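Hello,

Here is the structure I promised to pass on to you. Have a look at it first, and then read my notes below.

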Amino acid sequence: MLSIGQVAERTGLSVHALRFYEREGILAHPVERESNGRRVYSEFDVEWLTLCTRLRASGMPLPAIRKYADLVRVGGGNEVDRLTILHEHRERVLGQLAELQECLTMINYKIEWYERAVAEGGADPLINDCP
């Protein structure tokens, strides 16, 4: 069993964020408590929090993560619903990746343009500066 500080260190989440996730119903299972009331976490909790932080970092809103967690807490029989949440999120992430790829293409073009201009002794940045 792990203390809240150990889980914070392993997940990169602050103690405050861990308490927030607990209050918001983001954890897959209720956090256990020692007899003195201190929170104790399992390895499963760490893995779950890692999944949640990855989903959050990729843009999944907290209500969607909460809904996913609710389905996990219910147990088996709702895998289609969980899959739907993940499929929808994957589509959003793929859209974000496509947009980022377009941005990267533009940035690469600008870098090549300026590297060429510098190699040729400079160029007026207002001429042919846009693709």
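A residue counts as buried under 20% relative accessible area, as exposed over 50%, and as partly exposed in between (1.4 Å probe, protein chains only). By that rule Arg10 is partly exposed at 45%, and so is Glu43 at 40%.

The model is predicted, so local features need pLDDT of at least 70 and side-chain atom pairs pLDDT 80 or more, while totals for chains, interfaces and linings use all residues. Residues are numbered from 1 along each chain as its sequence is written, and side-chain values use heavy atoms, leaving out hydrogens and water.

Now to the salt bridges (a side-chain nitrogen of Lys or Arg within 4 Å of a carboxyl oxygen of Asp or Glu). The count comes to five. One of them joins Glu43 and Arg10, at 2.7 Å from N to O. Glu43 lies in helix α3 and Arg10 in helix α1, so this pair ties together parts 33 residues apart in sequence. Helices here are DSSP runs (H or I, at least four residues), numbered from the N terminus.

Arg73 and Asp70 form another salt bridge, at 2.2 Å from N to O. Both lie in helix α4, three residues apart, about one turn of the helix. Arg73 is partly exposed at 33%, as is Asp70 at 35%. Salt bridges with shared partners also join Glu22, Arg33 and Arg39 into one network.

Enjoy exploring it!

Best wishes

Note on methods:
Helices (H or I, at least four residues) and strands (E, at least two) are DSSP runs, numbered from the N terminus.
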